Amino acid sequence: MNWLKRFDHHIFMASLNFSPVSLTNRWMRWISVSGNGGMVWIMIAAMLMTFDATRQTGLQCIFALMVTTAIGEGLLKHIFRRPRPFVTHGPIHLVIPMPSGFSFPSGHTASSVAAALVIAQIGPAQALLASAYAALMGLSRIYLKAHYLTDVVVGAVVGYFCGKLSIWLYPLIF
């Protein structure tokens with residue numbers, strides 16, 4: 001496991017060498033903040049629930065967010081208890097409000113991937129848009145120094161499995 005920590009540390013330290021670009025900072029900050037509390041996905045789910053054809057997908061999206069939060073935030077973060085990069089390598093200037101809680105896995109990424117997987121059931125255009133947004137969410141978390149690369153990669157894996165689990169469980173429960 002030490003090799004993984006060294007890898008993350010190396011990638012993180014290399015990322016500090018990139019000059020922040022004001023426009024990129026604004027976009028990354030906007031994307032990241034839109035994922036706080038799963039807000040962007042909750043808004044999309046609410047929109048989907050207003051139409052008969054996509055109501056079940058919207059409800060399934062909310063269910064996927066709940067499953068992902070329970071597993072990622074409620075269980076995994078408390079098992080691994082990994083400090084965030086700006087805590088371990090501080091002081092580092094952040095362009096977002098200082099995130100609380102543990103770093104591993106990335107909850108923003110996990111929720112985004114799970115929701116995108118559910119939304120992808122609607123069709124290929126929706127799959128592409130939701131997946132692109134989920135990818136940008138993970139990238140923004142690394143760019144903004146809120147997570148290590150492996151936090152985001154594992155967050156994506158957790159989100160994928162939670163999304164698949166939700167798609168499978170939803171019709172059995174509801």
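Modeller: Helices (H or I, at least four residues) and strands (E, at least two) are DSSP runs, numbered from the N terminus. By that numbering, S112 is placed in helix α6, which covers residues 107-119. Please note that this is a predicted model, in which local features need pLDDT of at least 70 and side-chain atom pairs count only at pLDDT 80 or more, while totals for chains, interfaces and linings use all residues. Residues are numbered from 1 along each chain as its sequence is written, and side-chain values use heavy atoms, with hydrogens and water left out.

Colleague: Is S112 buried or exposed?

Modeller: A residue is buried under 20% relative accessible area, exposed over 50%, and partly exposed in between (1.4 Å probe, protein chains only). S112 counts as buried because its relative accessibility is 1%. Contact means heavy atoms within 4.5 Å. With residues up to four places away in sequence not counted, S112 touches W41, A134 and M137.

Colleague: How does one describe two packed helices?

Modeller: They are described by the angle between their axes and the distance between the axes. Axes are lines fitted to C-alpha atoms, for helices over the stretch in contact, and angles run from 0 to 180 degrees between N-to-C directions. Here, the axes of α2 (residues 22-34) and α7 (residues 124-143) come within 9 Å and cross at roughly 115 degrees. Therefore α2 is roughly perpendicular to α7. In this scheme, angles under 35 degrees count as roughly parallel, over 145 as roughly antiparallel, 65 to 115 as roughly perpendicular and the rest as oblique.

Colleague: What is the handedness of the crossing of α2 and α7, and which residues make the contact?

Modeller: A crossing is left-handed if the near helix is turned anticlockwise from the far one by less than a right angle, and right-handed if clockwise. The crossing of α2 and α7 is left-handed. On the α2 side, the contact is made by T24, N25, M28, W30, I31, S32 and S34; on the α7 side, by Y133, L136, M137, L139, S140, R141 and Y143. These residues comprise eight nonpolar, five polar and one charged. For this count, Ala, Val, Leu, Ile, Met, Phe, Trp, Tyr, Cys and Pro are nonpolar, Asp, Glu, Lys and Arg are charged, and the others, Gly among them, are polar.

Colleague: How many salt bridges does a search of the whole structure find?

Modeller: A salt bridge is a side-chain nitrogen of Lys or Arg within 4 Å of a carboxyl oxygen of Asp or Glu. The search finds four. In one of them, R82 pairs with D8, and the closest N and O atoms are 2.8 Å apart. This pair links distant parts of the chain, 74 residues apart: R82 is in the loop between α4 (55-80) and α5 (85-88), and D8 is in helix α1 (residues 2-15). R82 is buried because its relative accessible area is 15%, and D8 is buried because its value is 1%.

Colleague: How far apart in space are L117 and S166?

Modeller: Their C-alpha atoms are 9.7 Å apart, although L117 and S166 are 49 residues apart in sequence. By contrast, G58 and P85 are 27 residues apart along the chain, and their C-alpha atoms are separated by 34 Å.
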